[in-house]
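Trainee: I have a chain open and would like to go through it with you. Can we start from a single residue and work outwards?

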Amino acid sequence: MAIQHLKSGKPAEARAEDDARVSATVEATLKDIETRGDAAIRDLSVTFDKYDPPSFRLSPSEIEAAMQQVSTRDMEDIRFAQTQIRRFAEAQRASLQDIEVETLPGVVLGHRNIPVQSVGCYVPGGKFPMVASAHMSVLTASVAGVPRIVSAAPPVNGAPHPAIVAAQHLGGAHEIYVLGGMQAVGAMAIGTETIEPVHMLVGPGNAFVAEAKRQLYGRVGIDLFAGPTETMVIADDTVDAELCATDLLGQAEHGYNSPACLITNSRKLAEETLAEIDRLLDLLPTRETALASWRDYGDVYLCDSHDEMLQLANDLAYEHVQVMTDRDDWYLEKMHSYGALFLGPRTNVANGDKVIGTNHTLPTKKAGRYTGGLWVGKFLKTHSYQRVTTDEAATLVGEYGSRLCLLEGFVGHAEQCNIRVRRYGGINVPYGAPAPYRDAAE
């Protein structure tokens, strides 16, 4: 029996039309920012956020005032989450070692892991001010040693969101701006009269933020191409419909276009999960958003076997993949295309998003086939270096280099090698000629 698609969402053609509209809007906006700088930023802020402050950058006193509005218990929770994220990021950083090795006598090769020199971290606001995104981007960049960390988040109800400001500050942001959406991303990447541009952009956001990052890639580095959040539940009859439905809707509430997908080999579980989703949608305060997502972007697949489930999951390459089966470790071993795995019924995506310690900025739209998510290594550039320390090594490598360069027709390249063969090896190589082969007796 072939894989059965028991429930499907909006056709791909309709999704492509949505993407095209977003792309055109973002292109025009970025061009306006590049042309008019601060004036464009202010106009966009007034239009979209109804926010027009004397300065978009928070002063130390404004940061302190915002943090004073955060309750003691909320501050404790923020500090707890940042401790978990910092511990994991520090362990990851420790695994990235500079190396130096002598590959031949007198030939020393190495690499150094050097932090990006400036990064812009976007923290989404809107309906759901995502405090956790400040931990994931700002704090991780800080652990990597980035010397200039800029963070931007939109105003909420006409003012900086106190908990987001606290998370940005405690995470290690050097500059905090109250700016939202594509105008924030554009300002950090392009720069204005008052905002110095950064070298890299990171952080999740809505469709306009994601598209702005895509269009700005090349001018600056980015963490990854990210679309709406996605969640996949891979489950068999070892779990129940309530657990599956709760985990699917928990991510569907992110936005109207957040894909959620169940893959199972149990028809009973599939049908009961569909019914349970209908029941829970009547109870969920975020029903309007979750319902739209599930209606237009929800899928349920019924497979014959775990092998089929695995192949389908790898083909779809979802961002969050929750595995609740009788062979979770088998999936851990066999899965190769995803954002992050959440193994077992005790584990859930919400904990991964907010507190457990791994990063929640993850690849979507099948990007998990070629990249992982944001982590401390994304903020580090691995640069190689070479050093030749003896005359003998300069001569030996130069002889090979001379001949190989001329094999490709590069005479100027060959002369870089030849001049060293002459100087350090005492071998008279004619200009533009290949270095001679050594006598086999040598």
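Trainee: Which helix holds Gln 84?

Mentor: Gln 84 sits in helix α4, residues 72-95, where helices (H or I, at least four residues) and strands (E, at least two) are DSSP runs numbered from the N terminus. This is a predicted model, in which local features need pLDDT of at least 70 and side-chain atom pairs count only at pLDDT 80 or more, while totals for chains, interfaces and linings use all residues. Residues are numbered from 1 along each chain as its sequence is written, and side-chain values use heavy atoms, with hydrogens and water left out.

Trainee: Is Gln 84 buried or exposed?

Mentor: Gln 84 is buried, with a relative accessible area of 17%; buried means under 20% relative accessible area, exposed over 50%, and partly exposed in between, with a 1.4 Å probe and protein chains only.

Trainee: And what does Gln 84 touch?

Mentor: Leaving aside residues up to four places away in sequence, Gln 84 touches Val 355, Ile 356 and Gly 357, a contact being heavy atoms within 4.5 Å.

Trainee: How is the chain divided into domains?

Mentor: Domain 1 covers 19-100 + 117-223 and domain 2 covers 228-373, with bounds that come from an automatic or database domain assignment. Their C-alpha centres lie 28 Å apart, and the contact takes 17 residues from domain 1 and 15 residues from domain 2.

Trainee: Switching to α5, why call it largely enclosed?

Mentor: Helix α5 is largely enclosed by the rest of the structure because 13 of its 14 residues are buried. Its length also agrees with expectation, since at 1.5 Å a residue the 14 residues (131-144) should span 20 Å and the end C-alpha atoms are 20 Å apart; the expected span is 1.5 Å times one less than the number of residues. Just after α5, Gly 145 takes a positive phi of about 90°.

Trainee: Which residues form the nonpolar patch on the surface?

Mentor: Tyr 217, Phe 225 and Tyr 370 form that patch, with about 370 Å² of accessible area together, and Tyr 217 is found in the loop between α8 (207-216) and β8 (221-222). Patches are made of residues with over 30% relative accessible area and no salt bridge, like charges being joined within 9 Å and nonpolar side chains (Val, Leu, Ile, Met, Phe, Trp, Tyr) within 5 Å. A salt bridge is a side-chain nitrogen of Lys or Arg within 4 Å of a carboxyl oxygen of Asp or Glu, and accessible areas come from the Shrake-Rupley method with a 1.4 Å probe, where for residues only the protein chains shown count as cover.

Trainee: How many helices and strands does the chain have?

Mentor: The chain has 16 helices and 14 strands, and buried residues make up 50% of its 442 residues.
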